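Open the model in your viewer and keep the selection tool handy.

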Amino acid sequence: MKISIHIISILLFTILSCKDNTDVAVNADDRQKGGHPNLILTQQSVLNIQSQLGEVPLFDKTLKQVKITVNTAIKAGIDVPIPKDMAGGYTHTQHKANYVNMQKAGVLFQILGDETYAIYIRDMLLEYAKIFPTLGRHPQERSYARGKFFWQCLNDSNWLTYTSQAYDCIYDWLPKEQTEYLNKTLFRPYADFLSVETPQYFNRIHNHSTWGNVAVGMIGLVMDDEELVNRALYGLKKADIDLEVKDNDGGFIYDKDGKAGFLANLDSPFSPDGFYTEGPYYQRYAMYPFMIFAQALQQKKPELKIFEYKNGVLLKAVNALLNLTDANGAFFPLNDGQKGMSYYTSSLVSAVDIAYFFGNKQPELLSIAKLQNKVQLDATGLAVAVGLRDEKEKPFVKQSIELSDGANGDEGAVGILRYNDANTTTGLVMKYTGQGLSHGHYDKLSFSLYENGDEVIQDYGLARFVNVEQKNGGGYLKENKTFAKQTIAHNTVIQNETSHFNGDFKTGSKFHSKKYLFDTTNKSFQIMSAKEDNAYPGTNFHRTMVMIKDVEFDKPYVVDVFKITSNRLHQYDLPYYYFGQIISTSFSTEAPQKLSALGTQNGYQHLWKTSESKAELESIQFTWMNNRIFYSITSATNKDDTAILARIGAKDPEFNLRRDPSLILRKNNTKSALFATIIEAHGTYNPVNEKANDAYSKFESIKILQNTDDYTALEFKMKSGITKKLILSNVNASKEAKHKLKLDANTYQWTGAYYFK
């Protein structure tokens, strides 16, 4: 009969443990002996955790919640169904629950010493070992890399990454013959299946392959299988590959330079600033395997110095990702991104805890962990919980920031301007990056605007209902390609109703936008500017966005200057996707008797045209209300320009798209052009006392004074009679450059890339 592991732990603790040491990662003797657990938990960290149970509130709270969850699962019994369903279906959901519960049960076994949890894991693994050899690839044939227990290898990698941790926790508890059986029958074959048998999945630069690499590496570390660990770190050696093969999202599978493996997935998708080229939604998804494997490597292969790799890019990535959120913690939906995903997700709980533990215990991370209100049940989570108990947290203040894109930081960037005061928290996000791999959208120089965490001008995000079985099995909808990825779905210029790069992934992947200017030294006048020269042959874009806080205004307003240069005649459309109810317009909004689509392809087929009229004025205005706040767009126009009101939803019989509205400014039959627009928040409505406050825009007009290759000059006229001029240097962004420009009878001189007064 086995002696309780809890008693053994207490005896060992008397000799080995120091009660107040929350920093222990792994004992040198543990590493030499190879004793388990030694992956995420270690023998020493378990002793340290046990010594502080009941004394660290957030850790104790998390432990209690996890115990309730796992006890409920154990009571329900073990269920290992034969795979058949897509995401959201019964078998998919059950296998997902199994790996999550096994990982948690392993932690409970180690910390509490209750063999009930070890038995649960053992019996579950034996069931999986029984069916694994009988399974071919998953019966659903939709994926480019079909899995075993799941419809795609990606989810199988989730399973193996989590289950490896559970296996590590019971490895020494199991009889040797059972570990040998599981290694031979289940785990080594599973690792081979995900890698050598599915190279198109494993040998990529992509979040999919990151999960595959980590799954193989984690189980390799548990089994002390050096060949698997090296396979995970450096990828498969391959030859005779087809570089044109694509995945389900239209992205190329193989890297043209042959890069593969975990380290290559650190090198290529991450910029030196920690921005992940696929966008924050998939950076969030990939951060769990990146960080959990890094933690395991730090335990078992400290010589790799993984948290120092690429100048500490993993720790920078956590900071970057936290900055890519709105005031409520939701990630900006750049590229394929589901709205509402936030840093409250479990992968960010892990990322924050690990970054705190291995990143010099930055007290600002504690404030995020406090909001998350849970921790990892390991040494990293204990350290965070102790820091919170001891009130060491400092606010994580999200400032204006520019995050470079590209492995070397030279492929554009994402710029974020922020203004915070008692009246508002305003955020302006502009995307001037590379393509973003297969999850990228055709949206060069697009932007979105936020106030107090709410979208004012939105980025559509993805077209998908994740894990909702009725909607294409929880997978991407066809409208993701026909609308959400298309340029018209974004707040940027479309030429001749054709998407950037003609919607061609191979072409788009060759180019990136160029940073021009990012200056936030003056919080009352923050500016970012970028150029795009390849979206359309023969056409050049230059967009400048300014956030201005004038003393005459309660909140900052945004100036959007989109300069287009071309030597041929084109039609240019600039959408603004707003939310809320139209209050007033300066142009006609007569609705047609019968709705028709705005176009026939490239996303236009999904837009209902609800109104179209000539601008008739040199400056138009559009006011709407959302969340009881009034907003206005004031835009410089030619009399022949067109103002179109549109709404998403045409050619969408299954209602896969949201019915969101937009204002589209159109310039017809012109070569070079300039869109100059002011976006302003200016008042509120109180439905209780039925009072509108400042319901009218403070601006009367915006006028283009000059637009040449070298300079763009604008005049803002306010209803109070005040006028202001903004002059932009289009070719020299140097802070030291001296400029002189004559406008009418006046000459303006200034130093730097802009003039505003």
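Select Ile 416 to begin: its bridge partner in β3 is Val 429. Now widen the selection to strands β2 (residues 413-420) and β3 (residues 425-432), which run antiparallel and are joined by eight bridges. Strands here are DSSP runs of E with at least two residues, helices runs of H or I with at least four, numbered from the N terminus. Two strands pair if DSSP finds at least two bridges between them.

A word on the model: it is predicted, with local features needing pLDDT of at least 70 and side-chain atom pairs pLDDT 80 or more, while totals for chains, interfaces and linings use all residues. Residues are numbered from 1 along each chain as its sequence is written, and side-chain values use heavy atoms, without hydrogens and water.

Next, show the whole sheet: five strands, open, antiparallel, in the order β1-β2-β3-β4-β5. At its edges are β1 (401-404) and β5 (454-457), each pairing on one side only.

Now jump to Phe 187. Beyond its neighbours within four places in sequence, its contacts (heavy atoms within 4.5 Å) include Leu 125, Trp 159 and Ile 219.

Phe 187, Leu 125, Trp 159 and Phe 262 have the most contacts inside the largest nonpolar core, which has 123 residues. Such a core is a set of buried Ala, Val, Leu, Ile, Met, Phe, Trp, Tyr and Cys residues joined through side-chain atoms within 4.5 Å; buried means under 20% relative accessible area, with a 1.4 Å probe and protein chains only. Finally, select helix α13 (residues 280-300), which gives this core its largest share, 13 residues.

How values were computed. Buried < 20%, exposed > 50% of the residue type's maximum accessible area, 1.4 Å probe, protein only.
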